[in-house]
Amino acid sequence: MKKMTNDSKYKPRIVDTLVKKNLRIFGAVCIEGPKWCGKTWTSSHHANSEFLVGDPSGNFSNRRLAELEPYTVLKGDTPRLIDEWQEVPALWDATRAYVDETGNKGQIILTGSSTPVTKGVLHSGTGRIKSIRMNTMSLYESGDSSGLFSLKDLCENKFESKVLEATDLEKLAYLVVRGGWPGNIDISVDDCDVLALGYMENVAKTDLKQLDQDIDYSEHKANLILKSLARNESTTVSNRSILNDIIENDNSSISKNTLSKYLDAFNRMFLLNNQEPFSPNIRSSLRVKQMEKRHFSDPAMACAMLRLTPKKLMNDLNTFGFMFEAMVERDLSIYAQALNAKLFHYQDYKNNEIDAVIELEDGNWCAIEIELGLNKVEEGSKNLIKVCKDIVDNGGKEPILKCVIYGAGNMAYKNSDGVFIIPITALKD
């Protein structure tokens, strides 16, 4: 079968390096993420043959063949792409067995936009199949960040101050509402919200029912929960607070068990990408909160649930701030992944907060504050210095990087406190 991707037109993704690396180490990789984020194109770019489970041709003959002979469809030039494997869960175990039999690396690339129920998969795939999370495009991948400053270089204190082309709030509002879907990158300002609106409508209307056909999901309840998650984007509210928010805003009630069921489903569809709490190595009584910071996989999803356009965001700078923070943290999670690092946030019971913490592979960490405009960065810097000092005073390790990432402005510099001030539109991995 002819490859889907035209390599001459392929737009490189940051995850490419991770895919290549893990194909050298594991017999198979599984690239997972939300629909339309580019998983199939990226996988096809790395593959030498492919089998598309969801291909409708021949009355979905590919799916029937995979159900009858899952082992057979894995055979072909390697790496071989098996797209949307979750439609035939037996393909997971077949891949594990195939990798065991051949003993070779880089045999199979699976892609999935949802995870089937556990009972449909008999083996975890540990040691054979490496899962790789892929997200929508960062601003650097979409061409909306110049990439003049690398997160890796900043960690190594490689930096030169620059005056940059200014980014204004109107541009940022467009980038937030547009999102990072590859198919939406060149859309006009007037139409930039349409794709995300359709995406989220389909989640409640059709995607949930396809995820678990034996569970009766309610479109109305799904929308209530998704709207509440959108209202609480970039916050650490509890499930109980989500339930109270639904009652307050929609005059409806949902049980804790129902909420958990839907949140699990949304996670399995890769709609959510929450930030875990960071716990520095502190040998004291300083208590750290253990609440995750809530995020959709792309801030455009939250904007769609709230029917936000760029103009509406401009008229509500408070909401704009939360959505901008979500976009920055989406990008930071992608850049961190490229460094084999992980994105966290920090809160303690002394009301200290750090918007974003990146823990590196060697155990060092970076402290990052996020501000919408250049006019707020020195205030953010002072907060960062204060919180980091408190952590160190209580036995924690000093961060190797302190940085304020902002939106609207035109400067990149290192201030007198040693804090880097960088616009998100100039950052890359």
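Me: Start with the second largest cavity. Which residues line it?
Reply: Its lining is made of Leu229, Glu233, Leu272, Asn274, Arg294, His295 and Phe296. A cavity here is a set of points on a 1 Å grid, laid over the protein atoms alone, where a 1.4 Å probe fits but cannot get out, and lining residues have an atom within 4 Å of a point.

Me: What sort of model is this, and how are residues numbered?
Reply: It is a predicted model: local features need pLDDT of at least 70, side-chain atom pairs count only at pLDDT 80 or more, and totals for chains, interfaces and linings use all residues. Residues are numbered from 1 along each chain as its sequence is written, and side-chain values use heavy atoms, with hydrogens and water left out.

Me: Back to that cavity. What is its volume?
Reply: The second largest cavity holds about 50 Å³. A volume is the space filled by probe spheres set on the grid points, which are joined across faces, edges and corners.

Me: How does its lining divide by class?
Reply: Three nonpolar, two polar and two charged residues. Ala, Val, Leu, Ile, Met, Phe, Trp, Tyr, Cys and Pro count as nonpolar, Asp, Glu, Lys and Arg as charged, and the others, Gly among them, as polar.

Me: How many cavities of 30 Å³ or more are there?
Reply: Two. The largest has a volume of about 60 Å³, and its lining consists of Arg13, Ile14, Val15, Arg133, Met134, Asn135, Thr136, Glu141, Ile334 and Gln337. That lining splits into four nonpolar, three polar and three charged residues.

Me: Now pockets. What is the volume of the largest?
Reply: About 1200 Å³. A pocket is an open set of points with protein on both sides within 12 Å along at least five of seven lines. This one is lined by 43 residues, and Lys35, Glu84, Gln86, Glu87 and Ser113 lie nearest its centre.

Me: Which element gives the most to that lining?
Reply: α8, with six residues. Both α2 (39-46) and α8 (194-211) supply at least two. Helices (H or I, at least four residues) and strands (E, at least two) are DSSP runs, numbered from the N terminus. By class, the lining of the largest pocket has 18 nonpolar, 11 polar and 14 charged residues.

Me: And the second largest pocket: how many residues line it?
Reply: 33 residues, with Arg133, Asn273, Ser333, Gln337 and Lys342 nearest the centre. Two or more lining residues come from each of α1 (15-25), β5 (129-133), α14 (317-338) and β9 (342-347). α14 gives the most, seven. The volume of this pocket is about 830 Å³, and its lining has 11 nonpolar, 12 polar and 10 charged residues.

Me: Is Cys403 buried or exposed?
Reply: Buried, with a relative accessible area of 2%. Buried means under 20% relative accessible area, exposed over 50%, and partly exposed in between (1.4 Å probe, protein chains only). Cys30 is buried too, at 0%.

Me: Where does Ser234 sit?
Reply: In the loop between α9 (219-231) and α10 (239-250). Ser234 is buried, because its relative accessible area is 6%. A polar atom of its side chain is 2.9 Å from the backbone oxygen of Phe322.

Me: What else does Ser234 touch?
Reply: Leaving out residues up to four places away in sequence, Ser234 touches Lys293, Arg294, His295, Phe322, Glu325 and Ala326. Contact means heavy atoms within 4.5 Å.

Me: Last one, Ala66. Which helix is it in?
Reply: α3, residues 57-68. Ala66 counts as buried because its relative accessible area is 0%. Beyond its neighbours within four places in sequence, Ala66 is in contact with Phe51, Val73, Val88 and Leu91.

Definitions and conventions: A polar contact is a pair of N or O atoms within 3.5 Å; within protein, one must be able to donate a hydrogen and the other to accept it, and residues adjacent in sequence count only if both atoms are side-chain atoms.
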